[in-house]
Number of protein chains: 4
Amino acid sequence: MRFLVQSSLYYYASGPSSLLCSISCARTPGQKVIRESITTSPELVRSDFRIGHERNRFTRFEIGVCGDLAIHYLASVRAVPGTMPLADADGDKLSHIDAAVIPYLFPSRYAPSDRLRAAAMDLFGGIRGALNQVLAIEEWLFKNLYYAFGSSIEQSCARDTFELRTGVCRDFAHLGISFCRALSIPARYVTVYAYQLLPQDFHAVFEVYVKGVWYLVDGTRKAPLNGMIRISTGRDASDSAVASLFGGIRGQGLFVETAIDGKAPGDFVPLYRGCLLDRGEMLYLG
Amino acid sequence: MRFLVQSSLYYYASGPSSLLCSISCARTPGQKVIRESITTSPELVRSDFRIGHERNRFTRFEIGVCGDLAIHYLASVRAVPGTMPLADADGDKLSHIDAAVIPYLFPSRYAPSDRLRAAAMDLFGGIRGALNQVLAIEEWLFKNLYYAFGSSIEQSCARDTFELRTGVCRDFAHLGISFCRALSIPARYVTVYAYQLLPQDFHAVFEVYVKGVWYLVDGTRKAPLNGMIRISTGRDASDSAVASLFGGIRGQGLFVETAIDGKAPGDFVPLYRGCLLDRGEMLYLG
Amino acid sequence: MRFLVQSSLYYYASGPSSLLCSISCARTPGQKVIRESITTSPELVRSDFRIGHERNRFTRFEIGVCGDLAIHYLASVRAVPGTMPLADADGDKLSHIDAAVIPYLFPSRYAPSDRLRAAAMDLFGGIRGALNQVLAIEEWLFKNLYYAFGSSIEQSCARDTFELRTGVCRDFAHLGISFCRALSIPARYVTVYAYQLLPQDFHAVFEVYVKGVWYLVDGTRKAPLNGMIRISTGRDASDSAVASLFGGIRGQGLFVETAIDGKAPGDFVPLYRGCLLDRGEMLYLG
Amino acid sequence: MRFLVQSSLYYYASGPSSLLCSISCARTPGQKVIRESITTSPELVRSDFRIGHERNRFTRFEIGVCGDLAIHYLASVRAVPGTMPLADADGDKLSHIDAAVIPYLFPSRYAPSDRLRAAAMDLFGGIRGALNQVLAIEEWLFKNLYYAFGSSIEQSCARDTFELRTGVCRDFAHLGISFCRALSIPARYVTVYAYQLLPQDFHAVFEVYVKGVWYLVDGTRKAPLNGMIRISTGRDASDSAVASLFGGIRGQGLFVETAIDGKAPGDFVPLYRGCLLDRGEMLYLG
């Protein structure tokens, strides 16, 4: 499937400042960026680079002038997710996990899995098989959390979400990640462009690692799994902020759009939301 | 200088479990591990690997039997720290910072620098020059925090330390790191073996990045700067835990010893503690 | 001055539930409720009572039917605040404080003064005289906190406000209370109707106890001190919630209005905002 | 039963300071203080008073001299607890609860029941009858929490205890109180002298209010219910601190002893621990 994604970020600079953006689509085996552009108004000095094991793409802007500022990203991306039948996988023993995956077992700032270990064991400890535990977690998130704008703040972590049972997409993802790690299932945070997400915005989901595959999970069930285009991947939102601001600059709003590229939207076949597809399969972004 | 370090970790396993240890000395240009050994009692299946950009060394043990368990590490290490005169460095603009260093500017679990930004600006925002800010932070930590065993718990973060003004070495380091990042100075957490530390234990300090060099800072001033042997490096204690336990296993104590290897201790010249040396220099581990 | 206050609370009940409201104006020596009424739509069984040392007025409603629900309060109130010249009062020794006041020295949920003690000492510890410390605290709140709707949530406490430097009226009050208690100045939370507050809403301020008088302080400076009509008084917002819900009921909005009763608004002379009046006096509600 | 209780508190004063103690046994209908004394070394100016609705007894000491300081309390107390058969009480509707009890339904600092509401509903929401819910809570505390000195700090609240599943008596009580309030059962914190508690120390338990009676609950099950002598009662440990320090003074240790007065200890018949007695009754302190 080929998608046309665009995002615009608006800022006001009151002095010299820097801006670190992560809005470019990831380049992975399963996701091909056919063309893309970042433009700014006014024009700014910029540098592009990649950070960390996941090679997340960042763009750094130096802002020397005061005033309004806009950043526009536009890309055409071919995303080919894969699917795997749901096996009753037992999960990987720690001894078989690739070393690079191990940090995704550790507690992190917004996903303090050590503090949610007891709750995770209470709720999901009796379920056999890592993938079955993941299915149960996804369903729990969907059924027990209330999706509400304004119910959380940037500082909210999975502890808050578990207690208050409300949040937005990033909160759903952080709690799901925490539960998984608490059960010794590696889990990581993914920011995406999401087709058919309403209202359109950046979206956050998570991936779980079982038997060598990172499966996609979205406890909000707000967008089809095969309509997601990966931006960045990390331990939690700390690693994957859309924008980090340094100096005298503040946000003024954003606009996101994810559409089918070059064909009528009717050609798109929405897949199931959540994590388990119709035919008992799970999907991975590739 | 050549050091002989050893550590012993004691556990009790009540069922199948895994143990992830980070007790081996780092191998870096400035630190040469001449010989080392890890032995366990009883003998265990183990694997060694490295994780992350900092290439931290981990050893994974699979425990299949119940009962007492001991892990012993012994190494002879040559550490050659470097020193640099304290320049009135202004700090690096974000635009000049190596991409690999950028994650050390982000808030992390135990060093939530976003929440300590206002306090850092109040205390150190008026000081000119990144290294001068670091000097002021080190002195503030030493003068304002009370070092006390039992005053913090594993879950304590820099917010707690700033509020309660008490903690142990990891708390001093987390608060120092938070202040630095809040001032846009990259900072990272280092676990070390520390000569002349009393009582002997693993020690935690931090490093700050200015003009391409990672300088060593120890707000506790409890050990000489040139008596530290690096074990691991990370964003905070989450990345650098001495041991992570999975399954039915729990700790029963530890023993650490750091000594001069092959010469009389009298040959060791203790350098200043904190961060600034006698001659107006700062030290880096190399 | 005579004020006409009204408030309307809107709910939706999905099952049997109870509602505990605190919206009636306090009856105190300095504040006379001339006439008042609470009406509901539909009609509900209700009981009125007073709680605690401060004799806060509560109304309890039993809701047996499902559907929309509205509560309207209307009152005419004569409020006669008093003023006292600002003396360089040294604060009261604990030994001279009335026993009933002592709980207002203790940390409370939203005003955890133990955790803000170090910060309070840093900022205000060097100022001589309790009233001078209060003046400095009020000014600090006004100058350092950014008033913004949506920047805090119901769970936010003074720690969050101190760190993030943003909040709404209750956050300003909680931080001010915490600072005062940390300096051994008794402080308490007051909810009020506030004339000329924009936009109109319930308002929260605080009172400090020095030499036997509870002086009024409003770090937001959003309304004149002599346009405030006391509703309830407590250790923090826990004691003074406008409404507590039990069972299947949720809020749908509210409306508040505070006006001059029976005279032209022009007759009202707003007194200074904050805490110190024009002539170097402080005001108390009486 | 007649008990002899004594406690000694040791401090070091480095300057003028005040000390607020709550170590005297409560005087209630069911608990008669036959004789008691507070002595200090050196002699200090003191005043005795009562605070709050519960009339907790406090003693205030003014310390003008530097040096070591000891406070000794000794009392002989007759405690006559009552018992009631466990009825399948449905709990009180809010409309039938005495107004004075309502504050014990509100969240408080160490018992933030709003944040534990979801967990309480998950665990106990399906159980019919308030007393049956209390029984289930007491058993859950005993079976799921690990009692360990040093596992919590003074700042720990019921959120921490629920997450980490470990604590000391005050943590057990705070979590039990939070669960009860979340289920609309009024609950309060009680500090006691406890016969047969090992090691001897001040002890904390809680009381739940059902059908007009405050029943005693001790989730630690570390002491017999009829061997407890009430000191103070409050919303949580904030209201009932054994000692609050103001000025230059710090603690140096304490000693507590609770014994049978005037008869051989063999005459004491220990009742069941927890909350439910052998014959299906619950006990209240009277």
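Biologist: How many residues does chain B bring to its contact with chain A, and how many does chain A bring?
Modeller: This is a predicted model, and the counts are computed from it. Residues are paired here if their C-beta atoms lie within 7 Å. On that basis, chain B contributes 21 residues and chain A contributes 21 residues.

Biologist: Which strand gives the largest share of the side of chain B that touches chain A?
Modeller: Two strands of chain B, S3 (45-51) and S4 (56-63), each supply at least two residues of the side that touches chain A. The largest share is 3 residues, and it comes from S3(B).

Biologist: By class, what does the side of chain B that touches chain A have?
Modeller: The strands S3 (45-51) and S4 (56-63) of chain B are among its sources. Sorted by class, the side of chain B facing chain A has 10 nonpolar, 7 polar and 4 charged residues.

Biologist: Which residue of chain B has the C-alpha nearest the axis?
Modeller: The axis in question is the one about which chain B is turned by 180 degrees to lie on chain A. The C-alpha of chain B nearest to this axis is 1.9 Å from it, and it belongs to B:Arg109.

Biologist: What percentage of the contact residues of chain B recur in chain A?
Modeller: The turn of 180 degrees brings chain B onto chain A. The same surface serves both copies, and the recurring part of the contact residues of chain B is 100%.

Biologist: How far apart do the C-alpha centres of domain 1 and domain 2 of chain A lie?
Modeller: Domain 1 of chain A covers 2-80 + 241-264, and domain 2 covers 82-240 + 267-284. Between the C-alpha centres of these two domains the distance is 24 Å.

Biologist: Which strand gives the most to the side of domain 1 of chain A that touches domain 2 of chain A?
Modeller: In chain A, 22 residues of domain 1 are in contact with 19 residues of domain 2. Strands S1 (2-21), S5 (67-79) and S13 (243-260) of chain A each supply at least two residues of the domain 1 side. With 4 residues, the one that gives the most is S13(A).

Biologist: What is the radius of gyration of chain A?
Modeller: The C-alpha atoms of chain A fill a box of roughly 60 × 40 × 35 Å along the principal axes. For 286 residues, a compact globule would have a radius of gyration near 19 Å. The value for chain A agrees with this, at 19 Å.

Biologist: How many of the residues of helix H4 of chain A are buried?
Modeller: A residue counts as buried if 20 or more other C-beta atoms lie within 10 Å of its own. Helix H4 (residues 169-182) of chain A reaches 20 Å from its first C-alpha to its last, close to the 20 Å expected. H4(A) is mostly covered, with the buried count at 14 of its 14 residues.

Biologist: Which residue takes a positive phi just after H4(A)?
Modeller: H4 of chain A runs over residues 169-182. The residue just after H4(A) with a positive phi, about 65 degrees, is A:Ser184.

Biologist: In chain A, where is A:Pro199 found?
Modeller: The peptide bond from A:Leu198 to A:Pro199 is cis, with omega near -10 degrees. In chain B the bond from B:Leu198 to B:Pro199 is also cis, with omega near -10 degrees. A:Pro199 is found in the loop between strand S9 (187-194) and strand S10 (202-210) of chain A.

Biologist: Is A:Arg55 buried or partly exposed?
Modeller: A:Arg55 lies in the loop between strand S3 (45-51) and strand S4 (56-63) of chain A. This residue has a positive phi of about 60 degrees although it is not a glycine. A:Arg55 has 13 within 10 Å, so it is partly exposed.

Terms used:
Residues are numbered from 1 along each chain as its sequence is written. Chains are lettered from A and ligands numbered from 1 in the order in which they are written. This is a predicted model: local features need pLDDT of at least 70, side-chain atom pairs count only at pLDDT 80 or more; totals for chains, interfaces and linings use all residues. Two residues are in contact if their C-beta atoms, placed from the backbone, lie within 7 Å. Ala, Val, Leu, Ile, Met, Phe, Trp, Tyr, Cys and Pro count as nonpolar, Asp, Glu, Lys and Arg as charged, and the others, Gly among them, as polar. Copies are superposed by least squares on the C-alpha atoms of residues with pLDDT of at least 70 in both. Domain bounds come from an automatic or database domain assignment. The radius of gyration is taken over C-alpha atoms; the globule rule is 2.2 Å times the number of residues to the power 0.38. The expected span of a helix is 1.5 Å times one less than its number of residues. A residue is buried if 20 or more other C-beta atoms lie within 10 Å of its own, exposed if 12 or fewer, and partly exposed in between; C-beta atoms are placed from the backbone.
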